[in-house]
Each structure stands twice: as C-alpha cells, then as structure tokens.
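Open your viewer and get ready to click along. Could you keep the selection tool at hand as we go from stop to stop?

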Amino acid sequence: VLPLQVQYQGLFRMITVLGIGGTFQIGFQISTITYMSQAFINETWLERYGHPIQQDNLLFLWSFIVSIFGIGGLLGSSGSRYLTVKFGKKKCLLCNNVLMIVAASIMGCSKISQSFEMILIGRFMCGVSAGLCVPLHHQYVGEISPRKLRGFANSTSSFFWTLGKAIGQISGQRYNLLGSQALWPLLMASCGLPALVQLLTLPFFPESPPYLLMQKGDTEGCKKAIRQLWGEGQHQAEIDDIMKEKATMENTKILSVLELVKEPAFRWQLYMIVTLTTTIQLSGINAIYFYTFEVLQAAGFDEKMASYMTLSIGLSELLAAVVCSSIIERLGRKVLLRGGYWIMGSLLAAITVTLSLQVRKFCSQQIALYSISDLKLTGRTTLLRKVEIFKLSCRPPAFVISSVLTWLGVFVIGTTFPFLVERLKHFCFLIFMVVLFTSGMIIHLFLPETKGKSIMEITEEFNKLNFKNKKIPATPNHVTEDYTFCTRL
C-alpha cells in the first residue's frame with residue numbers, strides 16, 4: 001500500500017494550486033490594502049484642487065476604498081452559481097485569475113497616474129474576484145477529494161487564508177519592505193502574483209470528477225480525472241457515490257430564495273443561519289482584519305510598534321491554523337459556537353479595559369487571541385453549519401442568503417468602523433461585545449447539536465421549533481415522491 005503523500009500527490013498538488021489562487025490570494029489582498037496611506041489621497045486632492053481635503057471627507061474616501069471590496073464580493077458571489085453550472089469550476093477560476101491580475105495592475109499604476117480612483121476600481125474588481133473565488137474554491141476542493149481526505153482538504157482553506165494574510169503583512173512592513181511610501185504601489189500590484197501562479201498551473205489539472213460525470217456525462221473523463229488526482233487503484237465506490245448524487249439531484253426540486261423564506265419547515269434553520277452570519281459580521285473581526293494598524297495607533301502605539309504588532313497577530317493566526325485543526329474536530333458544533341462567541345466577547349471586554357488603563361503590553365496578545373477564536377472556533381463551525389442544517393434542496397438559496405449578508409456586512413463595517421474609532425476610540429469594541437454575548441445566548445437556547453447526526457435527525461430537532469404542537473407535514477412541498485434523502489457522498 002502506497003503512503004498517502006505518494007498515492008495522492010496529484011491531489012495535494014492541486015489543493016496547493018487552488019489554495020494559492022483561492023483563500024491565500026484573498027488573505028494577501030485584505031492584509032495589503034492598509035498600507036496605502038491616506039496621505040496619498042490628500043496629496044492627490046491637493047494637486048488637483050489646490051487645497052487639502054477635509055478630514056471627514058478623507059476618512060470617508062479611505063473607508064469607502066477599503067469597504068468597496070464587499071460590494072464587489074456581493075456581485076461576484078451572486079453570479080458564481082450560474083457561471084459554475086454553465087462553464088465549470090476550472091474555466092471560471094481561470095477567467096477569475098485574469099480579472100484579479102487586471103485589478104492588481106490598475107492598483108499598481110495608481111500612484112504614477114495620481115489617481116486614488118484607480119485603487120477604488122481595483123478594490124471593487126478584487127471584491128468581484130473574491131466573491132466568485134470563495135465558493136468555487138470550497139466546492140472544487142471538496143469535489144476533487146476522496147471521502148477519507150475530504151475533512152483535511154476542506155480545512156486547508158483557513159490555512160491558506162492565514163498564510164496569505166501573514167505573507168502580506170510581512171511583505172508590507174513599512175520600514176523594511178514594500179509598505180513604505182515609495183513602494184506601496186508594488187505591494188498593490190503583487191496581489192496579482194498568486195492569480196498568475198494559478199493561471200499558469202491550473203490548466204495542467206483536471207476538472208472536478210463530479211462535474212465531468214453529472215454535468216457533462218463524461219464517464220471516461222471522470223475516471224481519468226480520478227486516476228490523475230488519486231492515483232491508480234480501485235475507486236469504483238467514489239464513482240458510485242457520484243452517480244447516486246446525480247440521481248438525487250435529478251429527483252430534487254431546488255428551492256428559490258423566496259420559496260425558502262416562505263417554507264415553514266425551514267423557518268428556524270433560516271433564523272439560525274441569519275444569526276450566525278450576522279454575528280460573524282458584527283463581531284468586529286472584519287474591523288480587526290482591515291484596521292488592526294489603525295486601532296493600535298488609536299490606542300497610543302507609535303507607527304513602528306503598531307506595524308510590528310500587526311505582523312505578530314498575523315503570525316499567531318498562522319500558527320493556530322496549523323496547530324488547532326485536530327483539536328477542534330473533537331468538540332461539538334454547538335459548544336464551539338457558544339463558547340467561541342463568549343470567549344471573543346470576553347476578549348473584547350479585556351481589550352477595552354486594557355486600553356482604558358493604558359496597559360498596552362497585553363493588547364496585541366488579546367487581539368491575537370480574539371482573531372484566533374474567530375478563525376478556529378466560530379468561523380469554521382459556521383461554514384459547517386450551513387451544510388449540516390439544510391437539506392440538499394435548500395442549500396443553494398441558503399448559501400445565497402448567507403453570502404449576501406456576509407458581503408453586505410463587509411461593506412457596512414468597512415465603511416463605518418473608522419468613524420467609530422474616531423468617535424469612540426477603544427470603547428467601540430463594546431458594541432461588538434454585546435452582539436457576541438447575545439448571539440451566544442441565542443445559540444445556547446435554540447440551536448441543536450449536529451455533530452454525528454444525519455440530516456434527518458437534525459431536521460427532526462428543528463421541527464420541534466418549526467411546528468411545536470402543530471402537526472408536522474409528512475412530505476414537504478418541494479420534495480418529489482422518489483426523493484432520496486441521503487447518499488454516502
């Protein structure tokens with residue numbers, strides 16, 4: 001028997017390529033935008049109009065440049081399902097890489113052109129690319145992986161995210177590398193390098209086996225892709241799983257967003273997804289990702305110290321992504337979410353107290369623990385919940401609703417947080433703390449545990465909330481008579 005790293009070397013190579021052009025690219029892009037100084041906007045405005053821009057207008061433009069990423073993400077995620085079905089994941093990712101390279105080139109030329117609008121356009125295009133890339137990355141990685149490695153493959157997304165974020169922070173050091181006033185355009189342009197790597201290497205890898213068999217009906221192409229990814233061997237069980245999934249999809253009516261909202265059998269599942277997604281956005285983690293440097297400066301740290309502390313937080317997240325994966329899977333989903341929210345709320349309270357008392361030496365450690373709690377506890381578990389609590393017919397509209405809330409949250413928090421910091425200073429974290437403790441209590445009271453349960457068992461738990469003393473319908477309206485409820489896939 002061949003070792004896993006030998007038998008599945010094709011799979012591991014493809015996961016690496018997908019990760020570099022996927023969540024690595026997004027983490028890198030998010031971490032580098034903060035190195036474009038507000039001074040560039042002010043200098044451009046002064047050169048054009050002969051007077052400096054007002055401080056409130058400067059703050060609004062800066063926050064809008066940061067947060068337009070969310071509007072782009074909303075548009076990209078909205079079209080991802082249609083494009084994936086029509087063209088396949090591989091072609092979509094290749095075209096997406098071209099879009100990202102163009103966006104990076106536009107941002108890289110912004111200083112030469114004396115145009116902060118070019119950064120705004122580039123950030124919007126990066127958001128569209130990210131919105132399209134994230135669902136494609138997760139689906140592609142899951143579909144190319146055999147059953148025994150699917151959990152490992154899905155966990156790589158958080159590793160590549162934190163790796164990209166850490167490398168972006170290292171590259172963007174303001175005093176030694178590309179984060180200086182003279183070189184930050186090169187840092188903006190380097191956001192296209194991961195996309196270029198994937199654009200040059202992905203054509204040598206196959207389309208996902210489920211897509212080849214289910215969408216194209218290409219059985220031989222599916223077998224060839226499996227051999228290329230999983231090595232030579234007996235893979236008939238995986239092919240049978242794909243065939244059963246195809247039969248399930250043919251006998252299932254996929255709900256629209258409006259039908260899901262109106263369906264009483266999924267009312268509490270929808271409430272929980274809205275709660276979980278909204279909490280992630282209102283937990284303050286996006287504010288930490290975008291504005292860690294500004295928060296530390298507002299707390300009284302000088303620019304150089306704030307830069308190094310931001311880097312240490314990113315490296316702490318990367319270490320946690322490597323170490324914590326095996327520990328988390330042993331705990332239940334409900335415990336992780338409830339405990340994660342309460343831990344994050346407590347850390348925000350501690351950060352507020354620490355900054356109020358001017359005990360600054362513990363601030364970066366607390367922010368690092370807060371980011372780790374979100375990344376390794378609540379963030380990953382929220383992704384698992386989206387799949388676990390909805391039947392196959394409801395997952396597409398549920399993901400649409402979640403994506404809309406996610407990207408809108410990125411935009412709203414990115415736009416408003418600088419004003420909160422300016423007005424409330426470090427007390428702005430108390431708003432997020434209240435949200436986290438409230439959501440933790442809602443989860444404790446209403447969200448059932450899903451670990452180790454089938455979709456039918458989870459649905460029965462939710463039916464107690466959806467119908468209470470009412471009679472539960474024998475067959476939901478969206479299920480045909482020959483509907484298959486579960487498959488091994």
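Here is a short tour, one selection at a time.

This is a predicted model, in which local features need pLDDT of at least 70 and side-chain atom pairs count only at pLDDT 80 or more, while totals for chains, interfaces and linings use all residues. Residues are numbered from 1 along each chain as its sequence is written, and side-chain values use heavy atoms, with hydrogens and water left out.

**Stop 1: aromatic pairs**

The structure holds 11 aromatic pairs. Rings of Phe, Tyr and Trp (its six-membered ring) pair if their centres lie within 6.5 Å; planes under 30 degrees apart are stacked, over 60 edge-to-face, and the rest tilted. Select Phe64 and Phe411: this pair is edge-to-face, with 6.1 Å from centre to centre and 80° between the planes. Phe64 sits in helix α5 (residues 55–87) and Phe411 in helix α21, so the pair links parts of the chain 347 residues apart. Helices here are DSSP runs (H or I, at least four residues), numbered from the N terminus.

Next, pick Trp268 and Tyr271, an edge-to-face pair at 5.2 Å centre to centre, with 80° between the planes. Both belong to helix α15 (residues 267–282), three residues apart, or about one turn of the helix. Is each one buried or exposed, or in between? Buried means under 20% relative accessible area, exposed over 50%, and partly exposed in between (1.4 Å probe, protein chains only). Trp268 is buried because its relative accessible area is 19%, whereas Tyr271, at 40%, counts as partly exposed.

**Stop 2: a threonine in a helix**

Now go to Thr162 in helix α8 (residues 150–171). Thr162 has 0% relative accessibility, so it counts as buried. Show the backbone of Phe159 too: its oxygen lies 2.9 Å from a polar atom of the Thr162 side chain.

**Stop 3: the cores**

A nonpolar core is a set of buried Ala, Val, Leu, Ile, Met, Phe, Trp, Tyr and Cys residues joined through side-chain atoms within 4.5 Å. The largest one has 41 residues, and Leu260, Leu348, Tyr370, Phe390, Phe417 and Phe429 touch the most other members. Elements giving it two or more residues include α15 and α20 (363–388). Which element gives the largest share of this core? Select α19: seven residues come from there. Apart from this core lies another of 31 residues, among them Met100 and Val410.

**Last stop: a loop**

Finish at Lys425, in the loop between α21 (395–424) and α22 (429–446).

How values were computed:
Polar contact = N/O pair within 3.5 Å; in protein donor to acceptor, adjacent residues only side chain to side chain.
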